[in-house]
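Let's walk through this one together, starting with a loop and ending in the core. Keep the structure open as you read.

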Amino acid sequence: MAEPPVEQPRRPGFRRLSGLDRSGPPPPQTQAGAPLHPLTIPNVIGYVRLALIPVFLVLAFSSGDGTSAGAAIVFAVVGWSDYLDGIAARVTGQYSRLGALLDPLTDRLLVLSGVVVCWYYELLPRWALGLLAARELFMLVLVRYGLRHGVDLKVNWLGRAGVWPVLGALFFAMAGVGWLARICLYVGLALVLASTLQYVREGLSQMRARPSS
């Protein structure tokens with residue numbers, strides 16, 4: 001009697017590979033306690049992104065007024081390649097715990113670097129830049145605290161939506177398009193501040209749900 005054919009796993013479609021479809025649980029390789037797996041294609045992209053941030057700063061502070069085409073291009077490359085390493089992970093299946101930690105860290109360092117440049121050259125309102133910098137530093141501390149206390153904060157949709165107008169604001173400011181930079185900054189700031197409240201609520205919820213020792 002012939003054995004029934006083995007059903008092959010379905011290959012993910014375009015929406016899943018492109019990141020448009022993020023339904024379902026995160027890959028187990030990215031969860032707390034999973035091996036770091038530092039040598040993967042997505043992580044190599046992440047290392048390049050991280051290494052380009054000092055290059056951006058050198059170009060920006062060598063410009064004299066903060067509006068440097070070279071600095072803006074490097075900033076855009078680092079920002080947009082965030083999408084590239086996600087696609088690489090989904091196409092190759094090379095998910096890793098290190099990638100899950102490195103990706104948001106690089107994004108926050110990029111934002112803080114852009115804020116420093118825009119603050120120094122007064123390319124955007126300093127009160128808004130200060131608020132944005134305080135939010136990013138708070139998130140670094142919150143994630144660090146969560147990791148030490150067994151709280152694993154997942155990226156929420158408000159934070160994911162807010163990162164693009166924030167990066168766009170910093171890019172357009174350095175590109176000399178001030179009016180568009182301000183619009184993006186205020187929209188992005190509203191989104192990321194709302195996302196921060198969600199992170200705090202999620203963290204408190206996870207801590208309350210843990211069994212008391």
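His-37 sits in the loop between helix H1 (14-18) and H2, where helices are DSSP runs of H or I with at least four residues, numbered from the N terminus. Its phi is positive, about 50 degrees, although His-37 is not a glycine. With 42% relative accessibility, His-37 counts as partly exposed; that class lies between buried (under 20% relative accessible area) and exposed (over 50%), using a 1.4 Å probe and protein chains only. Before going on, bear in mind that this is a predicted model, in which local features need pLDDT of at least 70 and side-chain atom pairs count only at pLDDT 80 or more, while totals for chains, interfaces and linings use all residues. Residues are numbered from 1 along each chain as its sequence is written, and side-chain values use heavy atoms, with hydrogens and water left out.

Now hop over to the loop between H4 and H5, where you'll find Glu-122. Glu-122 also isn't a glycine, and its phi is positive at about 55 degrees. Most residues other than glycine have a negative phi. At 58% relative accessibility, Glu-122 counts as exposed.

Next, the helix pairs. Two packed helices are described by the angle between their axes and the distance between the axes. Take H3 and H4: they pack at about 165 degrees with axes 11 Å apart (axes are lines fitted to C-alpha atoms, for helices over the stretch in contact, and angles run from 0 to 180 degrees between N-to-C directions). That makes H3 roughly antiparallel to H4, the label for angles over 145 degrees, with under 35 counting as roughly parallel, 65 to 115 as roughly perpendicular and the rest as oblique. H3 passes H4 in a left-handed crossing, meaning that the near helix is turned anticlockwise from the far one by less than a right angle. On the H3 side, Phe-75, Val-78, Gly-79, Asp-82 and Asp-85 meet Asp-103, Asp-107, Leu-110 and Gly-114 of H4. Those residues divide into three nonpolar, two polar and four charged; here Ala, Val, Leu, Ile, Met, Phe, Trp, Tyr, Cys and Pro count as nonpolar, Asp, Glu, Lys and Arg as charged, and the others, Gly among them, as polar.

What about H5 and H7? Their axes are 11 Å apart and their angle is about 25 degrees, so H5 and H7 are roughly parallel to each other. H5 passes H7 in a left-handed crossing. The contact residues include Trp-127, Leu-132 and Phe-138 of H5 and Leu-185, Leu-189 and Tyr-199 of H7. In this contact, 16 residues are nonpolar, two polar and one charged.

The largest nonpolar core has 33 residues, of which Phe-56, Cys-118, Leu-124, Leu-132, Leu-170 and Met-174 touch the most other members. A nonpolar core is a set of buried Ala, Val, Leu, Ile, Met, Phe, Trp, Tyr and Cys residues joined through side-chain atoms within 4.5 Å. H6 supplies the largest share, seven residues. Beyond its neighbours within four places in sequence, Leu-132 is in contact (heavy atoms within 4.5 Å) with Val-111, Val-115, Val-166, Leu-185, Leu-189 and Val-192. A second, separate core of five residues includes Met-139, Leu-142, Leu-153 and Tyr-199.

One last stop is Ala-72, in helix H3. Ala-72 is buried, with a relative accessible area of 4%. Leaving aside neighbours within four places in sequence, Ala-72 is in contact with Phe-171 and Met-174. The C-alpha atoms of Ala-72 and Phe-172 are 8.1 Å apart, although 100 residues separate the two along the chain.

Note on methods. Helices (H or I, at least four residues) and strands (E, at least two) are DSSP runs, numbered from the N terminus.
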